[in-house]
Amino acid sequence: MSDTKSLEIETVVRLLAKTPRATRSARYEDCSAIVARHLKDGSEFLFALIKAAIEADVHETNLIEDSVSFLDEAHLARLAFFLQGEVKRGMDVEDLLAHVALQAPELFPDGTLGSILDFEDWQTHDPRSPPACHHFIFEGGTPSDMSFPTHRNHPTWRLPAAEPSFAIGGEGTTTCPACGNSLVHLVTLDDFGGQGGILPRLRLETCRDSLEPTYYSHDVTGVPTPVAPFHSPNDFTSEPATRKSIARLARTPQRWLRQSYGISNSRQNLFRLGGLPSWVQGPQFPLVPGTDREMKFLLQFDSLAGFFWGSGGMLYVFWDEESRITCHVLQYT
């Protein structure tokens with residue numbers, strides 16, 4: 001590594017540790033600017049930076065943790081080995097280890113995975129071989145004003161997407177019978193279920209003013225009709241979400257099949273179709289009304305792109321093919 005890069009690493013570590021002449025925010029921005037210059041230069045700099053931050057005990061920052069996402073496979077494996085050695089030495093690197101384990105669980109023993117809460121939440125699935133998934137990729141990149149380069153350039157916002165495009169957001173076609181407000185359009189999935197599939201399309205709309213699980217019955221054309229219950233005494237009135245975005249689907253690579261809400265905290269793209277839910281408060285699979293049949297997870301939307309769930313969280317949509325019913329479940333911080 002060049003002397004210039006080594007000096008930059010020393011600067012980042014020093015700024016993360018303490019610089020009395022600058023505020024924490026200013027120091028973090030300076031560090032981010034340095035890291036941004038190396039996000040597309042390969043992994044050598046970022047791997048050396050992460051190791052130096054661990055050795056200086058300044059690694060518990062979003063900047064260092066998010067840098068893991070930009071490592072190539074070889075450096076990710078080297079970091080996994082290094083972190084397991086640090087754990088044996090009694091070092092507190094659990095947060096960084098969780099970042100690496102989610103992206104490459106095959107590098108860790110079952111005992112290590114079992115200590116990570118998200119893997120416990122996914123225990124109904126094989127965490128080493130989760131179901132297939134697609135990401136919604138928005139035109140223009142991240143659908144927010146994320147300022148830090150590691151957030152804005154995270155690989156999950158920039159996966160290669162294919163046609164067709166989808167309209168995300170906007171006003172729905174019907175109203176909520178509980179509050180009388182127009183529903184919000186989430187997304188319309190054409191040819192739902194594949195060629196000659198279940199429905200010609202599935203239109204998903206939701207009431208933003210309900211914090212309770214809500215059910216929607218879909219007719220043969222996929223259009224939803226709300227089914228009670230909708231609101232509780234703890235529900236609230238929010239501003240209508242009229243913003244529209246255009247997105248396309250990208251097949252999720254193996255590395256991003258497992259995403260944690262807590263680790264991502266809206267820095268990663270959590271707009272997902274299929275796969276494993278990124279739970280905010282733990283598993284919450286609804287039952288089909290009047291039965292003991294558990295509904296299947298369909299998709300999840302984050303509090304971005306004009307949406308804001310509760311105090312900031314996730315909306316999960318579940319589906320039952322037999323009844324053509326969806327259930328929308330909110331979880332928030």
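How many disulfides does the count come to? The count comes to 0 disulfides. This is a predicted model, and every value below is computed from it.

**The cysteines**

Start with Cys-179. Cys-179 is in no disulfide. Its nearest cysteine sulfur belongs to Cys-176 and is 3.7 Å away. Cys-179 is partly exposed, because its relative accessibility is 32%.

Cys-207 is in no disulfide either. For Cys-207 too, the nearest cysteine sulfur is that of Cys-176, here 3.8 Å away. Is Cys-207 buried or exposed? Cys-207 is buried, with a relative accessible area of 5%.

Now turn to helices H5 and H6. H5 covers residues 73–88, and H6 covers residues 94–103. They pack at an angle of about 140°, and their axes are 10 Å apart. The two helices are therefore oblique to each other. Their crossing is left-handed.

Which residues of H5 and H6 meet? From H5 come Leu-76, Leu-79, Ala-80, Leu-83 and Val-87. From H6 come Leu-96, Leu-97, Val-100 and Gln-103. By class, this contact has 8 nonpolar residues, 1 polar residue and no charged ones.

**Two residues in one loop**

Arg-267 lies in the loop between helix H10 (261–264) and strand E9 (272–274). Leu-270 also lies in the loop between H10 and E9.

Arg-267 counts as buried, because its relative accessibility is 7%. Beyond its neighbours within four places in sequence, Arg-267 is in contact with several residues, including Glu-65, Asp-66 and Trp-157. Three histidines are also among them: His-99, His-151 and His-154. Asn-62 and Met-146 are on the list as well.

Leu-270 is buried too, at 0% relative accessibility. Which residues does Leu-270 contact, leaving aside its neighbours within four places in sequence? They are Gln-259, Tyr-261, Ser-264, Ser-278, Gln-300, Asp-302 and Met-314. Leu-270 and His-135 are 135 residues apart along the chain, yet their C-alpha atoms are separated by 7.5 Å.

**Accessibility side by side**

| Residue | Relative accessibility | Class |
|---|---|---|
| Cys-179 | Cys-179: 32% | partly exposed |
| Cys-207 | Cys-207: 5% | buried |
| Arg-267 | Arg-267: 7% | buried |
| Leu-270 | Leu-270: 0% | buried |

Definitions and conventions: Residues numbered from 1 in each chain as written. Predicted model: local features only at pLDDT ≥ 70, side-chain atom pairs only at ≥ 80, totals over all residues. Heavy atoms only, no water. Axes fitted to C-alpha atoms, helices over the stretch in contact; angles between N-to-C directions. Helix = DSSP H or I, 4+ residues; strand = E, 2+ residues; numbered from the N terminus. Parallel < 35°, antiparallel > 145°, perpendicular 65-115°, else oblique. Left-handed = near helix turned anticlockwise from the far one by under 90°. Contact = heavy atoms within 4.5 Å. Nonpolar A, V, L, I, M, F, W, Y, C, P; charged D, E, K, R; others polar. Disulfide = S-S within 2.5 Å. Buried < 20%, exposed > 50% of the residue type's maximum accessible area, 1.4 Å probe, protein only.
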